[in-house]
Amino acid sequence: MRRITSPFHLRTLVHRCISSSSATNQTHHLHLHLHLPQQQPLSKPHFFTSPFSTTFRSFSSSQNDDIEETNAHSLSSELVKELDAESLSIPQRLDLSFSHVTLTPSLILTTLNLSPEAGRTVLGFFNWVKSKESFNLDDEVVSFFVDYFGRRKDFKAVHDVLSDGVGINGRKTLECMVDRLVRAGRTTQAVAFFENMEKDYGFVRDLDSLKLVVSRLCEHGFASYAEKMVKSLASEFFPDEYICDMLIRGWCIDGKLDEAQRLAGEMYRGGFEIGTSAYNAILDCVCKLCRKKDPFRLQNEAENVLLEMEEKGVPRDVETFNVLITNLCKIRKTEDALNLFYRMAEWGCNPDETTFLTLIRSLYQAARVGEGDEMIDRMKSAGFGDALDKKAYYEFLKILCGIERIDHALSVFAKMKEDGCQPGLKTYDLLMGRLVAHNRVDKANALYKEAESNGLAVEPKAYMVHPRFAKKKPTAVKKEKKRLTLPEKMARKRTKLKKIRLSFVKKPKKMARRAF
């Protein structure tokens, strides 16, 4: 009888016993008595390693994910329940049912995403999370609750969350709060929030936070509010070049080119240097206005902006060429966009993933499918193959199906799978619909079975076959009347006249016989 003082020694012994198949008599009489006294942890523990350790680890991680998802669904169902007058509060109910659950930021985020109809009940969930001593409430978790109520435009609840999170609120919560206010169209409230956020919620009020508010206002086209805010705070936070560029960009996003040029002139006279990003915004605004009013003036107006950049000594970058190529492709000037693409090296610029994707879409739209395939290969060789994801390939397939190039769409679909990009449900639905419209039902059924084998939740649908590709039913051929010759007409006429003449001849009456 052996005494084993360490579980690691026990594990080694068990593996030795299993591997030695020859000593069967020993295995039948093997009795293991475990005596595991409480010992201090070893300074240098020896861990047992096996070739299956990676498999066990991945299995345990997937099992933990399943457990977390189950807990999230249970919490969500509890939050969505209707409360009675006599029922317990949300924190008390959650304590009774979920005291054993280990909270993590991912679990909280999943629960909030699964509970869009919970409403103000989530405030009780926040109080319960905050009361858990085993969980450390941080800035990221508070931002989850701010984002949840911000999506609902319930800013009174957001005020309660931020008030309870004083001392915890940080950069992520600030970004989320400002973003939700601006996206809800509450620009005045966003400006007032910046004024009082340090006093009310404990946020740091500095130049970086000002840049955040200004950038969010300008990105959504509220440049007038951003400019007034910057000018009113100029004595406290003197604007830098980033703020100036963002203000110009905001006016351009709003489509007000005159205001952008006015502000650029004021800043240039004030000693600020207008950067490349501001000129790119002006160039994009000019191109959009030309596309809307007179597309034939686009190239001339864009050339004027580029000349102004050269006069001011502002260099071009990749974004400058992307703006020009994108707007040229939108007015179907694919050849001019390609010429500009080949001339990018003259200004020391190399194309990025946006350049390639824009040109590939434009080439497919122009039915230049061979050149589009070559551009895909060129994009991969340039090192941007990672940008060819499921979304990019879906856009290519949508364009090819729209111009009735189904066979080429199937070849691009095969290339998509070769690149290791797993097609989604929308991709299969698009291809099956177009194949059935072209009356290629067998190929559509093959794609349906392939989607099922890949584990996608496809459902049978009734797709319509286009009348152009539907098989027409054979129609009965009408016999054309043969044109009679003159002798045939005369013979038919004589026959008809004879019948008419005979119809008027009186038939003799039969004599009745007398009986003698």
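Entry 1. I note first that a residue counts as buried under 20% relative accessible area, as exposed over 50%, and as partly exposed in between. The structure under study is a predicted model. I looked up Ile 500 and found a relative accessibility of 42%, so I class Ile 500 as partly exposed. Ile 500 sits in helix H25, which spans residues 486–502. Together with Leu 497 and Phe 504, Ile 500 makes a nonpolar surface patch of about 340 Å².

Entry 2. I then turned to the salt bridges, of which the structure holds 30. I examined the one between Asp 147 and Arg 180, whose closest N and O atoms are 2.9 Å apart. The pair links distant parts of the chain, with Asp 147 in helix H7 (residues 139–151) and Arg 180 in helix H9 (residues 171–183), 33 residues apart. I recorded both Asp 147 and Arg 180 as buried.

Entry 3. I next checked Arg 216, which forms a salt bridge with Asp 179 at 3.6 Å between the closest N and O atoms. Because Arg 216 lies in helix H11 (residues 207–219) and Asp 179 in helix H9, this pair ties together parts 37 residues apart in sequence. Arg 216 and Asp 179 are both buried.

Entry 4. I looked up Glu 450 and found its side chain in a salt bridge with that of Lys 417, at 2.7 Å from N to O. Glu 450 belongs to helix H24 (residues 441–453) and Lys 417 to helix H22 (residues 406–418), 33 residues apart. Glu 450 has 22% relative accessibility and counts as partly exposed; Lys 417, at 36%, is also partly exposed.

Entry 5. Finally, I traced one network in which salt bridges with shared partners join Glu 227, Lys 231, Glu 259, Arg 262 and Glu 266.

Key. Residues are numbered from 1 along each chain as its sequence is written. This is a predicted model: local features need pLDDT of at least 70, side-chain atom pairs count only at pLDDT 80 or more; totals for chains, interfaces and linings use all residues. Side-chain values use heavy atoms; hydrogens and water are left out. Patches are made of residues with over 30% relative accessible area and no salt bridge: like charges are joined within 9 Å, nonpolar side chains (Val, Leu, Ile, Met, Phe, Trp, Tyr) within 5 Å. Accessible areas come from the Shrake-Rupley method with a 1.4 Å probe; for residues, only the protein chains shown count as cover. A salt bridge is a side-chain nitrogen of Lys or Arg within 4 Å of a carboxyl oxygen of Asp or Glu. Helices (H or I, at least four residues) and strands (E, at least two) are DSSP runs, numbered from the N terminus. Buried means under 20% relative accessible area, exposed over 50%, partly exposed in between (1.4 Å probe, protein chains only).
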